[in-house]
Amino acid sequence: MPELARRGALAAHEALREAVAKPLAGDDLTRDEAIALLSDPDLSEHLLVAAATLRDRAWGRTVTFSPKIFLPITNLCRDRCTYCTFRADPDDPHAWTMTPDEIAEWSARGRTLGCKEALLCLGDKPEVAFPVYRTTLERLGHRTTAEYVERACAIALDAGLLPHTNAGILTREEMARLKDVNVSLGLMLETVSTRLRGRGEVHQWAPDKEPAARLRMLREAGELAIPFTTGLLLGIGETLAERVDTLLAIRDLHRAHGHVQEVIVQPFRAKPTIRRSDAAEPATDDVVRTVAVARLLLDREVSVQAPPNLSPGDHALLLGAGLNDWGGISPLTPDYVNPEAPWPHVAALAAECRAAGYALQERLAIYPAYVDRPGFLSPVLRPRVAALAAEIDGHAVGAEVPA
Ligand code: SF4
């Protein structure tokens, strides 16, 4: 490298080392700085230290998870994302729509096992694509999936669980109704890249993955004061700049409405049954750097989460990158979206956290900050939240809480 270019590279490197400390002083990283930090492995050490320091300041030495059951109300979906193993067509042998009795039975079993959250996760608008599913809904007494989900949430509530629904794209009216039977709602933004809707890309056949539609729903959830979970999907063909743009879009929506309680950094995992079966998975250091950049870009009160079952050997690295939450973990139901990836045992995860200097603690599907924030929790749900919060109340998993 010519001397002038070498000096320029060194100066840029030095500038980024300084930039990484900006969020610790309450300043924002620029888009270019965030992209450069994601791209440059040589800066990893500084990046991780800054992100972990920020996490410790904002969230202390406690890392959380939500004991949950996963209720896959229907796996029928009108979209066809090429990385998805969950969706089915009605004539597929593994197609299902849960009955009200099944929802009640699974909810009761989950509650018996100590679960507090019912995650309702399902395909997007199957009634638009499949007449036979419309007949199923009619037999159940409903016109739309959102209506049936509302009933399913009521069943889960009756069993003593707090519902959190991710039903794909919902209208403002549907979200307003679901707010009375959900403590929070979710929709992975995944990416703001419209390029990935193009020919041959992962979202070509997924109209509900149009970024504008997802951003609209996130905005309307904010206007409705609904505590919200969102996140980004890594390794679906996005560029590092598009990753940063996705995080910035989430940050801006949260700054406008104050409703994003957590952001999931979820790596793509290949499976033999999907069209992208031979696509490369994001490498560990890529996932870890993205967690750290998410921590530095997002406002400090926003929880940063990575699913522990998708990175089973990397828990300590993720803790070192500023993660403060592991998301939902179930003693009963598999991760239907990644069925090949078993949940960790909570006691083993607690031991890993302890070894890294952190206590593992349960949380509810609504974060504490949103329970008392005016307008965010439906009054009809408040007594149920209070009762389950009292069950947790500072109780760490395992005996030792690090100093
Ligand atoms: S990822 Fe979601 S929207 Fe895409 S095909 Fe699967 S269930 Fe449908």
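Mentor: Let's begin with a term: a residue is buried if 20 or more other C-beta atoms, placed from the backbone, lie within 10 Å of its own, exposed if 12 or fewer do, and partly exposed in between. By that count, 47% of the 403 residues of the protein are buried. The model is a predicted one, in which local features need pLDDT of at least 70 and side-chain atom pairs count only at pLDDT 80 or more, while totals for chains, interfaces and linings use all residues. Residue numbers start from 1 along each chain as its sequence is written.

Now to the interior itself. A nonpolar core is a set of buried Ala, Val, Leu, Ile, Met, Phe, Trp, Tyr and Cys residues joined through C-beta atoms within 7 Å. The largest such core here has 106 residues, and Leu-71, Leu-120, Ala-152, Val-265 and Val-291 have the most contacts inside it. Take Ala-152 as an example: leaving out residues up to four places away in sequence, Ala-152 touches Leu-71, Ile-73, Ile-103 and Leu-120, where touching means C-beta atoms, placed from the backbone, within 7 Å.

Widening the view, among contacts between residues at least 6 apart in sequence, 77% join residues at least 24 apart.

For contrast, look at helix α6 (residues 131–140), which is hardly covered, with 1 buried residue among its 10. Helices (H or I, at least four residues) and strands (E, at least two) are DSSP runs numbered from the N terminus, and the protein has 15 helices and 10 strands. Gly-141 follows α6 and has a positive phi, near 95°. Asp-299 lies in the loop between α11 (284–297) and β7 (303–305). Because Asp-299 has 14 C-beta neighbours inside 10 Å, this residue counts as partly exposed. Its contacts beyond four places in sequence are Arg-251, His-254 and Arg-255.

Finally, a word on confidence. The average pLDDT, the predictor's confidence in each residue from 0 to 100, is 94, and 98% of the residues score at least 70. Over residues 399–403, however, pLDDT stays under 50. Where pLDDT is low, the predicted coordinates should not be read in detail.

Note on methods. Contact = placed C-beta atoms within 7 Å.
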